[in-house]
Amino acid sequence: INYKIDDPATKVEVDYSEFLEVMHVLVENAIDAISARGAISVTINKSENKAIISVSNDGETIDKENLHRIFDPYFTTKKHGTGMGLAIAKKILEDHNTKLELKIEDGKTVFFFSLAVC
């Protein structure tokens with residue numbers, strides 16, 4: 001896993017255990033998507049008064065026909081999944097007045113969200 005943090009002194013106000021749960025879900029999904037030679041990146045960029053956090057991987061991307069369902073509770077494409085991880089992560093972030101978003105670009109799946117900087 002590659003990490004890149006623009007400004008290590010950047011601070012955000014967030015419930016630690018909930019933030020940890022979100023990051024766990026995003027990294028676990030990235031691990032499930034990559035092959036033995038895939039790459040995962042976790043990036044924190046500071047932009048004005050926001051910290052933009054992203055988790056990306058260059059593994060298998062989500063089928064276009066399923067993109068609109070990925071945050072639905074109980075929807076999964078995994079044999080061992082429950083379909084609750086992304087739904088829970090989305091709800092946690094909504095409770096922090098932000099939203100979990102997804103983009104697929106250059107063969108990479110990127111989940112990202114922003115938090116207000118303290």
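The structure is a predicted model. Its largest nonpolar core has 21 residues, and helix 1 supplies the largest share of them, six residues.

**The largest nonpolar core**
- Val22, Leu26, Val55, Leu86, Leu100, Phe111 and Phe113 touch the most other members of this core.
- Two or more core residues come from each of helix 1 (16-33), strand 2, strand 3 (50-57), helix 2 (85-95) and strand 5 (108-116).
- In soluble globular proteins, nonpolar side chains tend to be buried together.

**Helix 1**
- Helix 1 contains 18 residues and spans 26 Å from its first C-alpha to its last, close to the 26 Å expected at 1.5 Å a residue.
- Its buried residues are Val22, Met23, Val25, Leu26, Val27, Asn29, Ala30 and Ala33.
- These buried residues pack against strand 2, strand 3, helix 2 and strand 5.

**Phe113**
- Leaving aside residues up to four places away in sequence, Phe113 touches Phe19, Val22, Met23, Leu26, Ala51, Ile52, Ile53, Leu93, Thr98, Lys99 and Leu100.

**Ile40**
- Ile40 lies in strand 2, which covers residues 40-47.
- Ile40 counts as buried because its relative accessibility is 5%, and buried means under 20%.
- With residues up to four places away in sequence not counted, the contacts of Ile40 are Ile1, Asn2, Val27, Ala30, Ile31, Ile34, Val55, Ser56 and Asn57.

Methods: Residues are numbered from 1 along each chain as its sequence is written. This is a predicted model: local features need pLDDT of at least 70, side-chain atom pairs count only at pLDDT 80 or more; totals for chains, interfaces and linings use all residues. Side-chain values use heavy atoms; hydrogens and water are left out. Helices (H or I, at least four residues) and strands (E, at least two) are DSSP runs, numbered from the N terminus. Buried means under 20% relative accessible area, exposed over 50%, partly exposed in between (1.4 Å probe, protein chains only). Contact means heavy atoms within 4.5 Å. A nonpolar core is a set of buried Ala, Val, Leu, Ile, Met, Phe, Trp, Tyr and Cys residues joined through side-chain atoms within 4.5 Å. The expected span of a helix is 1.5 Å times one less than its number of residues.
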